[in-house]
Amino acid sequence: MVAFGKKLKASRIPEWQGYYIDYKFLKKKVNRYAQQLEVGVQGHHDVLKDFSIMLDREIEKIVLFLLQQQGQLASRLSGLGELHHDVLDQPDGLKISEMEEAYRAAGNDLLRLLFFLEMNATGLRKILKKFDKRFGYKFTNYYVKTRSNHPYSQLRQMLKQVGIGAVVGAISHNLADLQNHHGSYVSIYDQPALCHPDPVVYSINAAVNKLSNSTNFLEYLGRHAFILEEDLSTPSEEDIFEQKYHFMSLILNLVNTFLYMVNTYIIVPTADDYSLSLGAAATVCGVVIGSMAVAQVFSSVYFSAWSNKSYFRPLLFSTVVLLVGNTLYALAYDLNSLPVLLIGRLFCGLGSARAVNRRYITDCVPHKLRMKASAGFVTASALGMACGPALACLFQTDFKIFNLTFNEETSPGWFMAVSWLLYLLWLWISFREPPHETETQNSLVSPEAIANAGPLVTYAMENGFMDPLLLNSKAKQHEENEEEESDDGGDDSPVKIHKSVTSITLAYRLLTPTVKVQLFVYFMLKYAMEILLAESSVITSYYFIWSTSRVAIFLACLGLTVLPVNIIVGNYISNWFEERQLLLASEIMVCIGILLSFHVLIPYSVPQYVGSALITFVSAEVLEGVNLSLLSRVMSSRLSKGTYNGGLLSTEAGTLARVIADGTITLSGYLGESWLLNATLLPSLFICITSIVATCFSYNSLY
């Protein structure tokens, strides 16, 4: 791993050298504080006070320089503006080109300023994390809370880039104005979609968006997929990605994701009727639905490990297992066997290759396409979730072929078996196995390789640092130790690259309290959604006497809300509010939806059930996107690859939630269908309130 101290020293802009955070000095002070506390020279209160004062001075130095540079850019743009009007009054092609170059030069200087700001923000985050880890304090919580919420906050000025937007706007609209000098003038403020396509404007917008965590729909969906990025991606690594990438193989992975989600939800509307047909109680549908999730808990691990060596073979094995599982599910009716039904669903769970799909995007898709591929992963999942129940309502048939029954209970199984058979043929013909590298080949990178990576600003803007600007954390222990060792070592020593996590114990050690809270939030939302979806057929049949078709349409409509909700949140809401604010608000809305779902005294009505279900489901969808986005920021970058990666951990948390939720439905069924609704909602409410409390305690660490 590249030590941050060396990275900061190598990337400093020479003429601005005195205005960077003095990371080396602050790190030495942290070590000195530790020695002074051991011998009793200073008390804890004195250390905290002294360190706070030093950080305040460093931030003030950075912010005042930032304002000075902004002022110079503003004066420069103001002068260009006066010339700008004169040039447009008497159009001259050469002068217009010179004006455009002048604005681009100002844009490049702004890029340097943004990179300066990013390096300082990263240094501040790292020194705060180092202080917390060394002394076991929650100093970051205190410091961020007191400094960011103050009306004269310099920290907010540094992290939210107050005023930079005005400079960006001036460069953008003036370049657009110059471009349109021959045609009718259209302001970018009137039609933002017609923003000037100049490369420097794109680079500036990318840098600002990364710093401020503002997002568009594509980025929001990509984060929703929870495909973690590594800290650095060198040009040589991008060449490797280009060699691995195969468009049709990516499409096959996305289709696999879509079919698996269809397979998961296509049986939900008819699971209770199938259970009754085989002589079991309707609430056994919880076991039928949940058995797939039980198997997925184990399959996610072995598929993740298998994908270290191959992608084609695990996808092939997954498809065959799903083909067998769905065939057994369909045959259970004619065999009149509940065990065969459950074994079929277990096989379907054992064929879950979502870990492989995620790993393929992480390991084989070039960085420039990864966000689009991640968004495709989420879109495929959402469409599968909606199509599954919708397809179930089409199978209102009852006939036999060769003594095999095709009705509303068995047809989903037969349909999915045929779908997986066709997918198997497509996979065999079209998938291309990418080359796999051993970890030893990538364990060391020479300083010369990094030195030849290209111009500093371009390198930073294209590859960036994916860590959040501030992160309260006691974890990443091994990363910090390696960084300290590297900082103390010679300049000619090889630079270590992150090694992937090889054991569940090490993965657990890398989970900070903040990450654990976010995983618990993910557990909560998946639990609430599974309770809502899995018991819907039983609840609506008992209270409203809904047919299978009506249940299927209801579930399909819920699924269809996923993409519109993500569009609204990704394009608008996430730009207006901080992610931590959206997280807490979404949790509260899920809690409200659960409370409104209870059957208390008054007769239970369709508007109450549908309205509360819509609030719960939509809020949970918003919460999922924000939660996974925060997880991708606060989770160790060492969990971006390898068997025990961040995607696997979040998948396991969600799958475990589904297993427990489906078990809760079945156990609550012993109380009778009249008690089922309230009995399953009580645990949801308790878990939801607990997650809200946990989020409040970790709220400041999410800044």
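Helix H15, a run of 13 residues, reaches 18 Å from its first C-alpha to its last, close to the 18 Å expected at 1.5 Å a residue, the expected span being 1.5 Å times one less than the number of residues. The model is predicted, so that local features need pLDDT of at least 70 and side-chain atom pairs count only at pLDDT 80 or more, whereas totals for chains, interfaces and linings use all residues. Residues are numbered from 1 along each chain as its sequence is written, and side-chain values use heavy atoms, with hydrogens and water left out. Helices (H or I, at least four residues) and strands (E, at least two) are DSSP runs numbered from the N terminus.

Within H15, Val340, Leu341, Gly344, Arg345, Cys348 and Gly349 are buried (under 20% relative accessible area, with exposed over 50% and partly exposed in between; 1.4 Å probe, protein chains only). The cover over these buried residues includes helix H11 (247–265), helix H12 (271–277), helix H13 (285–306) and H14.

Helix H14 (312–335) and helix H15 (338–350) each supply at least two residues of a nonpolar patch. Of Val324, which is found in helix H14, the relative accessible area is 35%, and the residue is therefore partly exposed.

Elsewhere, strand S1 (residues 398–401) pairs with strand S2 (residues 404–407) in the antiparallel sense over four bridges, where pairing requires that DSSP finds at least two bridges between two strands. Leu404 in S2 is the bridge partner of Ile401. Two residues lie between the strands of this hairpin, in which Phe402 takes a positive phi near 50°.

Note on methods: Contact means heavy atoms within 4.5 Å.
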